[in-house]
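Student: I would like a close look at one part of this model. Please show me the structure before we start.

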Amino acid sequence: MGERQPRAAGRLGGPGVLGVIAVLSAVISAIGFAVVSPTASSLPEYLSQFNEKYGTSGGKLDSCMTCHQSQAASKDNLNPYGTDFGGANHDFAAVEGKDSDGDGVTNLDEIKKGTFPGDPADK
Ligand SMILES: [Ca+2]
């Protein structure tokens, strides 16, 4: 029973590498959180009101893209529907009859059909 196994694992730094990976992923997720949360802070309130009103929760329109031109939502990148909605003091009903993106389909019809009311390429 004189077998001796070289402790190669120690030399390769097994636990050390895992530790570095753990720290790195923690840092990366912290950065991701810091970048994402401020831009999204104002929006979820209206998005949840939208979902509640139209029953769109979990669907395609349950998205920043409903009112913004990108997922990085800010008030500087509102799409035509978001602009109209803001201009109507955030009254959904007030903009239902409009065709904000000018594609010939009213906002309410687009919402019912599950297309973006602020994207003329989607109707
Ligand atoms: Ca439309």
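From the N terminus on, in what order do the elements of the protein chain run? And which residues of helix α4 (residues 80-87) are buried?

Tutor: This is a predicted model, in which local features need pLDDT of at least 70, side-chain atom pairs count only at pLDDT 80 or more, and totals for chains, interfaces and linings use all residues. Residues are numbered from 1 along each chain as its sequence is written.

First, the order. From the N terminus on, the elements of the protein chain run α-α-α-α-α. That comes to five helices and zero strands. Helices (H or I, at least four residues) and strands (E, at least two) are DSSP runs, numbered from the N terminus.

pLDDT is the predictor's confidence in each residue, from 0 to 100. The protein chain averages 86, and 80% of the residues score at least 70. Confidence is lowest in helix α1 (residues 8-12), with a mean of 56, and highest in α5, at 98. Over residues 38-42 the pLDDT falls below 50; beyond near neighbours in sequence, this stretch has four contacts in the model. Two residues are in contact if their C-beta atoms, placed from the backbone, lie within 7 Å. Where pLDDT is low, the predicted coordinates should not be read in detail.

Now to your helix. A residue is buried if 20 or more other C-beta atoms lie within 10 Å of its own, exposed if 12 or fewer, and partly exposed in between; these C-beta atoms are placed from the backbone. In helix α4 (residues 80-87), the buried residues are P80, Y81, G82, D84 and F85. They pack against α5 (107-113). Across the protein chain, buried residues make up 19% of the 123 residues.

Follow the chain past the helix. α4 is followed by N89, which lies in the loop between α4 and α5. The phi of N89 is near 55°, a positive value in a residue other than glycine. N89 counts as exposed because it has 7 C-beta neighbours inside 10 Å. H90 sits in the loop between α4 and α5 too. Its phi is near 60°, again positive in a residue other than glycine. H90 has 13 C-beta neighbours inside 10 Å, so it counts as partly exposed.

The C-alpha atoms of G118 and P80 are separated by 5.1 Å, yet the two residues are 38 apart along the chain. G118 is buried because 24 other C-beta atoms lie within 10 Å.

K123 has 15 C-beta neighbours inside 10 Å, so it counts as partly exposed.
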